[in-house]
Each structure stands twice: as C-alpha cells, then as structure tokens.
Amino acid sequence: METNAIFPKGDKLTNGYFTGDAFLKVLLARDKNSDFLLGNVTFEPGGRTNWHTHPKGQVLIVIEGEGFYQEKGKPAQVIKKGDVINIPENTEHWHGASARTEMTHIAITHFKDDVNVVWLHPVSEQEYEEVNKP
Ligand code: MN
C-alpha cells in the first residue's frame, strides 16, 4: 500500500456491487448546498464496479495508478493519474483497476431526488479479460 496517498483509503466496500477489492472514503456527504457525494475510491488490481448508471452523471478524477473506464457498447478507455472523466447521465458503464495495477479516483456523484447510482450486473470475467488483453 502506498504511503503517499492523499486521502485515507477508507473502508472495504461490501455492498455486493463490486468485484474484487475496492475501498471508499467519503470525503463530503451531500448537504443543502452540495447536491453530490464526494468520495475517494481505491481499487486493488482486479477490483472494479458492477455495470451501473448515474441519473445525473458523475465526474471521476484519477489521482493514483491506472485502470479502465468503459461505456456499454464502446471500447474500454485506459485511465490514469491526472485524467478527468465526465460521465453523462443514464449511461451504462463501469470503472476500476486493471488486472495488474491499482487505481484510485475521486468520484463526484450528483443526485436526482435521492438517487445517485443505479446498480446493474457485474462485469464478467470474460468482459474484464477482454479489456486487459495486451
Ligand atoms: Mn460510475
């Protein structure tokens, strides 16, 4: 584990919507002026989200490592430290580490009413192997 991390790693996500090991540190909860959740998410190698959508979109800021962002029906994009990904509303996608590298991103996830994410099915081993091919 890196010793120069900007934010604490937080707690391991055990909600069933992630494959492998991922950790969340909530940096700022939604409040009356900030209509989003601000979180730091660390994915160990092999760690990734399920497929999912955000009703008001999401912004990812990669602060460490290298991984993937993929929208349904499109090739996966390699994402790395310094990248900013602006995810449109209601767009099926996943994000996570690569099979061999960890990846940490800040996530800014906007709310529509009281919903900021709609979880779908896991990224299958076959789908994940495909994007990890050299
Ligand atoms: Mn997302």
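Which protein donors does the manganese ion have? They are H52 (NE2), H54 (NE2), Q58 (OE1), H93 (NE2) and H95 (NE2), lying 2.2 Å from the ion; donors here are N, O and S atoms within 2.8 Å of the metal (3.2 Å for Na, K and Ca), and water is not among the atoms, so sites may look incomplete. This is a predicted model, in which local features need pLDDT of at least 70 and side-chain atom pairs count only at pLDDT 80 or more, while totals for chains, interfaces and linings use all residues. Residues are numbered from 1 along each chain as its sequence is written, and side-chain values use heavy atoms, with hydrogens and water left out.

- Along the sequence, the donor residues follow the spacing H-x1-H-x3-Q-x34-H-x1-H.
- Q58 belongs to strand β7 and H95 to strand β10, so this pair ties together parts that are 37 residues apart in sequence (strands are DSSP runs of E, at least two residues, and helices of H or I, at least four, numbered from the N terminus).
- Both Q58 and H95 are buried (under 20% relative accessible area; exposed is over 50% and partly exposed in between, with a 1.4 Å probe and protein chains only).

**Helix α1**
- Within α1 (residues 125-132), Y128, V131 and N132 are buried.
- Seen down the axis, the buried residues of α1 fall within an arc of 100°, so they line one face of the helix (the arc is that of the directions from the helix axis to the C-beta atoms).
- Q126 and E129, on the other side of α1, are exposed.
- The cover over the buried residues of α1 includes β5 (48-49), β7 (58-71) and β10 (93-97), with contact meaning heavy atoms within 4.5 Å.
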